[in-house]
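Here is a friendly walk through a ligand and its surroundings. Have a look at the structure first, and then read on.

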Amino acid sequence: MDLHTVTEIARPRQRSDLPAWKAGDAWLAGGTWLFSEPQTSVNRLVDIVDLGWPALQIDEQGLRIAATCKIAELDGMTFPANWAATPLFNQCCRSFLASFKVWNAATVGGNICMALPAGPMISLTAALDGLCTIWTPDGKERRVAVLDFVLGPQRNALAPGELLRLIHLPILALRRRGAFRQISLSPLGRSAALLIGTLSPDGGDFALTITASTPRPVRLAFPALPSTAVLHEAIDQAIPPTQYYADVHGTPAWRRYMTLLFAEEIRRELEGKDSA
Ligand SMILES: Cc1cc2nc3c(=O)[nH]c(=O)nc-3n(C[C@H](O)[C@H](O)[C@H](O)COP(=O)(O)OP(=O)(O)OC[C@H]3O[C@@H](n4cnc5c(N)ncnc54)[C@H](O)[C@@H]3O)c2cc1C
């Protein structure tokens, strides 16, 4: 859609080219959301794609995902064989309500900054202990865990003029075994519940990340795989029945039911008793 209030587009090629932030500015990444509805408060777009950040960088510390990495690029990447969490990348990339066109334009950073409950890049990076690097307007950086970056539907931790630069996934998280469950009302619909469980390589500590059924990600950690009852109780403590998300993609009661069901399926899968 035409953004009829936009009168200027900046295309910085390096950090020093970034214009001083002013009211009416918006960062432009893939544009799949920005151009999908009217943005009457936006007058200038600052396109961050020409900053030329390498999309994906692997080293002994883990994975650095540039905010401008496309969903299709992330899905097409080959990861080291000893990263047991690898299947989660494809599973999360395929959890968009999105056409081929959106999938090839939308960015990981744009998805996280949108902070929608059904943001699958939020699910992925929150479950894998993602740490955001943020460029601040004074030329410095600050770091925030993905879990703390997403504050609620379309609310993130960025102050005006701050730019999400990258998300770092630590090697220890990437070596954990994962189990994934997702549901939406229609086959390619927006996620109503998306849960990821991870277990340490020695079969020790367990973490469960609940997204889509809640307004923001919820993370539960246990020193070992809990029993069914302990897990159920921990979820109920963390998310009272009235705190599940409500929108056209699912009622709170159904989201709670699916959350508890998926949590138990994940627990059993990682315990080695059930795979489906
Ligand atoms: C048909 C369709 C289906 C969709 N399905 C889903 C879905 O299932 N789940 C979902 O979560 N979303 C969905 N979306 C919304 C959106 O397309 C995605 O969230 C997408 O990942 C946004 O990425 P983008 O690069 O296109 O962001 P843009 O549209 O470019 O930007 C989105 C917002 O984030 C800001 N932003 C972008 N990058 C940065 C950055 N690095 N630092 C600071 N701010 C930044 C922008 O200023 C803007 O406010 C869908 C959209 C469409 C049109």
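The sections below cover the model, the ligand and its contacts, the pocket and the cavity.

## About the model

This is a predicted model, in which local features need pLDDT of at least 70 and side-chain atom pairs count only at pLDDT 80 or more, while totals for chains, interfaces and linings use all residues. Residues are numbered from 1 along each chain as its sequence is written, and side-chain values use heavy atoms, with hydrogens and water left out.

## Around the ligand

The shell around the ligand holds 25 residues, and Trp-27, Gly-31, Thr-32, Leu-97 and Thr-107 come nearest. A residue counts as near if one of its heavy atoms lies within 4 Å of the molecule. By class, the shell has 17 nonpolar, seven polar and one charged residues. Here Ala, Val, Leu, Ile, Met, Phe, Trp, Tyr, Cys and Pro count as nonpolar, Asp, Glu, Lys and Arg as charged, and the others, Gly among them, as polar.

Helix 4 (108-114) and strand 10 (163-170) each supply at least two shell residues, with the largest share, four residues, coming from helix 4. Helices (H or I, at least four residues) and strands (E, at least two) are DSSP runs numbered from the N terminus.

## Polar contacts

Which polar contacts (pairs of N or O atoms within 3.5 Å) does the ligand make with Gly-30, Asn-111 and Ala-118? A polar backbone atom of Gly-30 is 2.8 Å from a ligand oxygen, and a polar side-chain atom of Asn-111 lies 2.9 Å from an oxygen atom of the ligand. For Ala-118, a backbone N or O atom lies 3.0 Å from a ligand nitrogen. The protein covers 88% of the 970 Å² of accessible area that the ligand has on its own, by the Shrake-Rupley method with a 1.4 Å probe.

## The largest pocket

The ligand sits in the largest pocket, as more than half of its atoms lie within 2 Å of the pocket's grid points. A pocket is an open set of points, on a 1 Å grid over the protein atoms alone, with protein on both sides within 12 Å along at least five of seven lines; lining residues have an atom within 4 Å of a point.

This pocket is lined by 48 residues, with Trp-33, Leu-34, Gly-110, Cys-113 and Met-114 nearest its centre. Helix 4 gives the most to this lining, five residues.

## A cavity

The whole structure has one cavity of 30 Å³ or more, a cavity being a set of points where a 1.4 Å probe fits but cannot get out. Its lining includes Leu-116, Pro-117 and Arg-216.

Methods. A polar contact is a pair of N or O atoms within 3.5 Å; within protein, one must be able to donate a hydrogen and the other to accept it, and residues adjacent in sequence count only if both atoms are side-chain atoms. Grid points are joined across faces, edges and corners, and a volume is the space filled by probe spheres set on the points.
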